Amino acid sequence: MQVSSLNEVKIYSLSAGRSLPEWLSDRKKRALQKKDVDIRRRIELIQDFEMPTVSTKIKVSRDGQYIMAVGTYKPRVRCFDTYQLSQKFERCLDSEVVTFEILSDDYSKIVFLQCGRFVEFHSQHGHYYKTRIPKFGRDFSYHYPSCDLYFVGASSEVYRLNLEQGRFLNSLQTEASESNVCDINPVHFLFAMGTAEGKVECWDPRTRNRVGLLDCALSSVTAETEIEGLPSISALKFDGALNMAVGTSTGQVLLYDLRSSNPLIVKDHHYGLPIKSIQFQHQLDLIISADSRIIKMWNKDTGKIFTSMEPEHDINDVCLYPNSGMLMTANEAPKMNIYYIPVLGPAPKWCSFLDNLTEELEENPESTVYDDYKFVTRKDLENLGLAHLIGSSLLRAYMHGFFMDIRLYHKAKMMANPFAYEEYRREKIRQKIEETRAQRVQLKKLPKVNKELALKLIEEEGEEQQFSKKRKQKNLPSLLKDDRFKVMFENPDFQVDEQSEEFRLLNPLVSKISEKRKRKLKILEELEAQGQEEEEEPEGKASDAESSESSDDEKGWVEEVRKQRKLLRQEEKLKRQERLKEDQQTLLKPQFFEIKEGEEFRSFKDSAKKQKLMKKTLEDRLKLEEKLGTLNVSDTTVGSKQATFKLKKSEQQRKQQEAEKRHRQERKTLRRSASHLKSRRGRGRLFH
């Protein structure tokens, strides 16, 4: 839980901290809570209070028991039960939701306005009905006395859908080209809509006539504001019977009295972003306005800022829980934020423990110690000779001591401690003693895996350290201490097999290289002892001598490799002889094979051929099948290849087809002979 303070107003972020994935088991969650302090201190007020990707709208039912939110992706609505502090249900939708309204006191009647011009009705069991409006909708309001839904959007008309009769009524014709938002006054049910031209039109639902027009775009422009284009209306909210707040696309909030065409106050957010949401807080006479970046709370009479909040992600909607100090936001992030501001009101009854929690935090504030100050006790001041400063502005009383400036503390300590050199000398002597202790013989523990390699590395490291000390060079890092090679000395899978062929062939080379390196180190030590330093050839030998030495080393290495290869060949011969003896000793037993139905046994060569075919690559098999005529590869018009396979027929099927073919040919010959005889008889009768 994060705590922020602005204008001495404490704001508690209840959704701060990392969220644990749903697929983790309870055991793993408890283990993570023990390890991570942030996870242990976080407060999960409502379980899984989030969306898969983005949340767009959030609302609370009139009875206060259910919190409903819509978001993506996929488009869905989630209902959270505050009494159970968990999710009640989730329903996926066909398209994204522009806005929605809860018509009943609970979640039993909901209306969704979707981006595809669809209006979807949900009841307690789920989807109930779906219809469509002529133009794309942007907002709608519900008129309770007549059961009418008023839809505004990308049209000059306001569409009316009567839920009692179940049909569309005559629409309201406005002067606006497009409308963005609308709202109905809860007292006298005046219908107001905000247009793209920056005007607010007010209509009487009883007579279906326009009763008022406000030009908010002109009123929002003041001497201090800088506007690039014509501001349109982006938010609208009624407060009581006479007050109305209007938000513009350029970031201004205007508060009106319906009896006047001039605004009572104009509040600018100074971000130039459209106002997304406007809420009224009646206990302290505050207006809560929000754009995509900031939430501002200000007094509706004076316009003075009460406090503000800037969430980490962009804001899509703000919802104030009724009669409490809890605020919820829908963001451009999976997690939906929950804020608790005790000054605005008490915590809701389903999370009343928040009041006790915040009171304890205020009673026990966290102490803050600054780097530029030093905490000293009264005894420390007496030792420094600064006891006379108690009560002055140089010391600030805190708990059982005082805070004083760190620079003053250092100056006073230098003057009050004349034996600082003696302490420095003792410290240096102690450091020298510790260095000599480190040079003593220490037992080195070898790892369990690759002990010989580790011992070799330790010996080489010791030789290189001695040489680097004499030459005053920096020591190279050890492989044993490097985390990248740590597994090589812990995992048994990395054990070096000294009996393998690769190791036996490479071992002569490795041993020769190590001997050559040791020889060079000895030569360098001898040169340094004699005081000879040659820049061109620091190894103290002529280039021809060095080349002769390297050629001798290569000859020796080649001979050793040849010896190892001879030994490997002899071992292979012995293994072959042993296998032959074992084969001769073993008695061959007859094996019986079962032939499947519909197949004929020809020879063992067929199975051998099949095994050979299975071992071949796909390319070779395709070429073979193309030769046999069972595969046909052709080019298509798109530029790709088309392959047609013909299934191979068994011997029995092939014989059956040949017999059928012979039978058909015999029948054809019989028909021809019969027709020939008939024709001859007919001719004979005619001649007769």
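Reply: K566 is a residue of helix α10, which covers residues 543–585. Keep in mind that this is a predicted model.

Me: Is K566 buried or exposed?
Reply: The cut-off for exposed is over 50% relative accessible area. K566 has 53%. K566 is therefore exposed.

Me: Which residues form the positive surface patch?
Reply: Patch members need over 30% relative accessible area and no salt bridge. Like charges are joined within 9 Å. The positive patch is made of R562, K563, R565, K566, R569, K573, K575, R576 and R579.

Me: Which residues form the negative surface patch?
Reply: Asp and Glu count as negative. The negative patch consists of E452, D497, E498, E501, E502 and E572.

Me: Where does E452 lie, and is E452 buried or exposed?
Reply: E452 sits in helix α8, residues 451–471. Its relative accessibility is 56%. Exposed starts over 50%, so E452 counts as exposed.

Me: How many salt bridges does a search of the whole structure find?
Reply: A pair counts when a side-chain nitrogen of Lys or Arg is within 4 Å of a carboxyl oxygen of Asp or Glu. Searching the whole structure on that basis gives 13 salt bridges.

Me: Which residue forms a salt bridge with E178?
Reply: The closest N and O atoms of the pair are 3.0 Å apart. The partner of E178 is R138.

Me: How many residues apart are E178 and R138?
Reply: E178 is in the loop between β14 (167–173) and β15 (179–184). R138 is in strand β11, residues 137–143. The pair links distant parts of the chain, and the separation is 40 residues.

Me: How do E178 and R138 count by relative accessibility: what is the class?
Reply: E178 is at 30%. R138 is at 32%. Buried is under 20% and exposed is over 50%. Both values fall in between, so E178 and R138 each count as partly exposed.

Me: In the salt bridge of R206 with D204, which residue is buried?
Reply: The closest N and O atoms of R206 and D204 are 3.1 Å apart. R206 has a relative accessible area of 72% and is exposed.

Me: What separates the closest N and O atoms of E427 and R430?
Reply: E427 and R430 both lie in helix α7, residues 420–438. They are 3 residues apart, about one turn of the helix. E427 counts as partly exposed at 33%, and R430 counts as partly exposed at 39%. They form a salt bridge, with the closest N and O atoms at 2.2 Å.

Me: How many disulfides does a search of the whole structure find?
Reply: A disulfide needs two cysteine sulfur atoms within 2.5 Å. C79 is buried at 0% relative accessibility, and C182 is buried at 5%. The count of disulfides over the whole structure is 0.

Me: How far apart in space are T248 and A217?
Reply: T248 is in strand β20, residues 243–248. T248 is buried, at 1% relative accessible area. In sequence, T248 and A217 are 31 residues apart. C-alpha to C-alpha, the distance is 7.8 Å.

Definitions and conventions:
Residues are numbered from 1 along each chain as its sequence is written. This is a predicted model: local features need pLDDT of at least 70, side-chain atom pairs count only at pLDDT 80 or more; totals for chains, interfaces and linings use all residues. Side-chain values use heavy atoms; hydrogens and water are left out. Helices (H or I, at least four residues) and strands (E, at least two) are DSSP runs, numbered from the N terminus. Buried means under 20% relative accessible area, exposed over 50%, partly exposed in between (1.4 Å probe, protein chains only). Patches are made of residues with over 30% relative accessible area and no salt bridge: like charges are joined within 9 Å, nonpolar side chains (Val, Leu, Ile, Met, Phe, Trp, Tyr) within 5 Å. Accessible areas come from the Shrake-Rupley method with a 1.4 Å probe; for residues, only the protein chains shown count as cover. The place of a charge is taken as NZ of Lys, CZ of Arg, CG of Asp or CD of Glu.
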